[in-house]
Amino acid sequence: MRRIHYGWITVIAGLLITAVAAGMAINCFSLFVIPVSTDLGFSRAQMGVCQTINALGFAVTSLISGWLFKKIELKKIMKVSVAVIVIAYFTYSRLYRLWMFYICAMAASMSASLLTWVPLAVILNNWFVKRRAFAIGVSFMGSGIGGMVFSSVGSRLIESIGWRSTFVVMAAVLFVVLVPIVFFILHVHPSEKGMRPYGDEGEDNEKQADHNDDGVTVYEAAKDMRFYGILFLALVFGLATNGFTTTFVPHFEDQGYTRIRAGEIYSVYMLTLAVGKMIMGSLFDRFGAKATTLTGISLMAVTLIGLIYCKVPALVAVMLTCSGVGNCFPTVGLPVLARAVYGKKEYASFTGILNTAGNIGSTISPTLLGLLRDVTGTYSFGYASFLALLFAGFICAVFCVPRRKLEKR
């Protein structure tokens with residue numbers, strides 16, 4: 001019987017990491033806004049700042065991650081991050097002042113960032129030559145699975161044992177899952193296991209060394225206007241995808257759906273998002289960065305159109321189908337795009353920079369859509385504005401993303 005390549009063990013390890021560190025810990029923090037505010041006398045807006053801090057923590061850490069990984073061994077950073085996020089979530093259960101929650105939110109989000117998107121993208125790029133994008137997609141789908149599972153389990157735990165005890169349970173889950181994976185199972189390079197990357201078993205050492213040096217530096221890329229076009233594309237995707245996600249339920253309620261029905265449709269969306277990450281990875285592997293990026297933009301545009309006209313049931317079905325692939329571009333697409341355009345030489349830096357651009361868009365989109373809704377009385381005007389930006393992003397992708405034959409390998 002043929003043995004499973006350890007790269008696929010790494011993929012499953014990454015899926016579990018993203019499920020608990022991103023899906024459970026970060027994506028489900030909104031469950032605590034109302035119970036904590038009610039218990040401690042905070043306003044919802046004051047407690048909601050924690051979610052903004054979570055987004056900022058990811059953005060700041062993504063920006064410096066490339067520099068950080070050059071200075072300190074990646075595995076050491078991840079080990080420290082495990083300790084920080086476990087301590088942060090246990091500490092949440094003991095807090096009673098608002099500023100304490102803000103400090104914990106920053107510590108938790110920065111450590112979650114140093115455990116998930118950029119470091120896992122770096123590790124999976126080391127482990128895979130063939131099916132690299134598919135591996136990243138499968139690994140990153142853990143965030144959707146974790147969020148989907150814990151959004152249901154977490155709300156029941158808060159109701160039955162209280163928010164403080166639920167934070168303790170989360171800390172225990174983080175400890176049980178992350179410690180064995182990060183300390184013992186995860187390996188940054190195949191050479192640490194005496195192996196070669198998946199799909200690259202026959203490559204000699206000299207050729208492998210040349211392959212590792214393939215690419216350009218950030219300094220070199222910054223001299224080319226196409227770099228800024230790709231940054232704009234990442235920003236637009238962050239705006240559109242997080243704007244869609246954060247206003248989904250209230251927009252459906254505004255359009256006449258009940259809260260329960262809107263929540264059910266949102267659960268379907270979360271399921272399609274998890275599957276969509278795997279599909280997008282396969283599209284990158286099969287058709288290349290340019291074709292997949294243009295497809296992702298098109299599907300995101302159809303998603304927003306379906307959201308605008310969500311009173312039509314058929315368009316809701318189309319929207320849910322398209323959203324699963326289109327909305328996962330910031331997590332799966334950006335790291336794959338960074339490798340295809342800029343190569344491996346400073347891959348962590350490029351991935352961090354593109355993620356930061358996407359995170360900036362994600363951070364400002366809820367506020368921007370909220371302001372536009374206050375002025376117009378509907379989120380649809382904001383969605384239409386994002387459609388115009390996606391069209392501009394499509395033009396940028398046509399000119400800035402290389403054809404498959406010109407991609408870095």
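Axes are lines fitted to C-alpha atoms, for helices over the stretch in contact, and angles run from 0 to 180 degrees between N-to-C directions. Helices here are DSSP runs (H or I, at least four residues), numbered from the N terminus.

Before I go on: this is a predicted model, where local features need pLDDT of at least 70 and side-chain atom pairs count only at pLDDT 80 or more, while totals for chains, interfaces and linings use all residues. Residues are numbered from 1 along each chain as its sequence is written, and side-chain values use heavy atoms, with hydrogens and water left out.

**Entry: a helix pair.** I looked up α7 (residues 132–140) and α16 (residues 329–342), which pack at an angle of about 150° with axes 9 Å apart. So α7 is roughly antiparallel to α16 (angles over 145 degrees count as that). In contact terms (heavy atoms within 4.5 Å), Arg132, Ala133, Ile136, Gly137 and Phe140 of α7 meet Thr331, Val332, Pro335, Val336 and Arg339 of α16.

**Entry: a histidine.** Where is histidine 187? I found histidine 187 in the loop between α9 (163–185) and α10 (205–212). Histidine 187 is buried, at 16% relative accessible area (buried means under 20%, with a 1.4 Å probe and protein chains only). Leaving aside neighbours within four places in sequence, I see histidine 187 in contact with Tyr6, Ile123, Trp127, Glu192 and Lys193.

**Entry: a tyrosine.** Not counting residues up to four places away in sequence, tyrosine 92 touches Phe29, Phe101, Cys104, Ala105, Ala108, Trp163, Arg164 and Phe167.

Technical notes. Helices (H or I, at least four residues) and strands (E, at least two) are DSSP runs, numbered from the N terminus. Buried means under 20% relative accessible area, exposed over 50%, partly exposed in between (1.4 Å probe, protein chains only). Angles under 35 degrees count as roughly parallel, over 145 as roughly antiparallel, 65 to 115 as roughly perpendicular and the rest as oblique.
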